[in-house]
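Good morning, and thank you for the time on the agenda.

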Amino acid sequence: MKKEKIQSFPLLAHRKYNVWGNAGSVGSFMFYHPAMDIYLIGNLNQFCYAQKGIRLMFKIIDILSKCNCS
């Protein structure tokens, strides 16, 4: 059986933020950043906080990319 590689195509975000995952309506989120090989998983525990979870993911990626912690 041939193993296929799945690629993402960032349309709106810079390549630095090319992640796999989802942000839920109650502030839960799970993202995987393949270039840094990190998982970002959490819950903000508030209804309609999906955007805040995404912004938090951007901030964490910025911090980790600056300090080369990955």
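Across which strands does helix α1 lie, and at about what angle does it run to β2? Helix α1, residues 50-67, lies across β1, β2 and β3 and runs at about 35 degrees to β2. Angles here run from 0 to 180 degrees between N-to-C directions, with axes fitted as lines to C-alpha atoms, for helices over the stretch in contact.

A word on the basis of what follows. Please note that this is a predicted model, in which local features need pLDDT of at least 70 and side-chain atom pairs count only at pLDDT 80 or more, while totals for chains, interfaces and linings use all residues. Residues are numbered from 1 along each chain as its sequence is written, and side-chain values use heavy atoms, with hydrogens and water left out.

Let me start with the overall plan. The protein has one helix and three strands, and from the N terminus on these elements run β-β-β-α. Helices (H or I, at least four residues) and strands (E, at least two) are DSSP runs, numbered from the N terminus.

The three strands form an open sheet in the order β1-β2-β3, with antiparallel pairing. At its edges are β1 (20-23) and β3 (38-43), each of which pairs on one side only. From one strand to the next, the twist averages 10 degrees. Two strands are said to pair if DSSP finds at least two bridges between them. In general, strands of a sheet pair through backbone hydrogen bonds, either parallel or antiparallel.

Strand β2, residues 28-33, pairs with β3 in the antiparallel sense over six bridges. β2 and β3 form a hairpin with four residues between them. Asp37, in that turn, has a positive phi of about 55 degrees, and Asp37 is exposed, with a relative accessible area of 52%. Buried means under 20% relative accessible area, exposed means over 50%, and partly exposed lies in between (1.4 Å probe, protein chains only).

Asn45 also has a positive phi, near 60 degrees, in a residue other than glycine. Asn45 lies in the loop between β3 and α1, and at 60% relative accessibility Asn45 counts as exposed. As background, most residues other than glycine have a negative phi.

Which residues make up the largest nonpolar core? There are eleven: Tyr17, Val19, Ala23, Phe29, Phe31, Met36, Ile38, Leu40, Met57, Ile61 and Leu64. The elements giving two or more residues to this core are β2, β3 and α1, and the largest share, three residues, comes from α1. A nonpolar core is a set of buried Ala, Val, Leu, Ile, Met, Phe, Trp, Tyr and Cys residues joined through side-chain atoms within 4.5 Å. In soluble globular proteins, nonpolar side chains tend to be buried together. Of the 70 residues of the protein, 21% count as buried.

Contact means heavy atoms within 4.5 Å.

The side chain of His33 reaches the backbone nitrogen of Met36 at 3.2 Å. Leaving out residues up to four places away in sequence, His33 touches Lys16, Asn18, Val19, Ile38 and Ile61.

Finally, consider the loop between β1 and β2, where Val26 and Gly27 are both placed. Val26 is partly exposed, with a relative accessible area of 40%, whereas Gly27 is buried, with a value of 1%. The C-alpha atoms of Val26 and Leu44 are separated by 7.3 Å, although these residues are 18 apart along the chain. Gly27 and Phe47 are 20 residues apart in sequence and 6.4 Å apart in space, C-alpha to C-alpha. Beyond its neighbours within four places in sequence, Gly27 is in contact with Gly42, Asn43, Leu44, Gln46, Tyr49 and Ala50. Under the same exclusion, the residues that Val26 touches include Asn43, Leu44 and Phe47.

That concludes the presentation.

Conventions:
A polar contact is a pair of N or O atoms within 3.5 Å; within protein, one must be able to donate a hydrogen and the other to accept it, and residues adjacent in sequence count only if both atoms are side-chain atoms.
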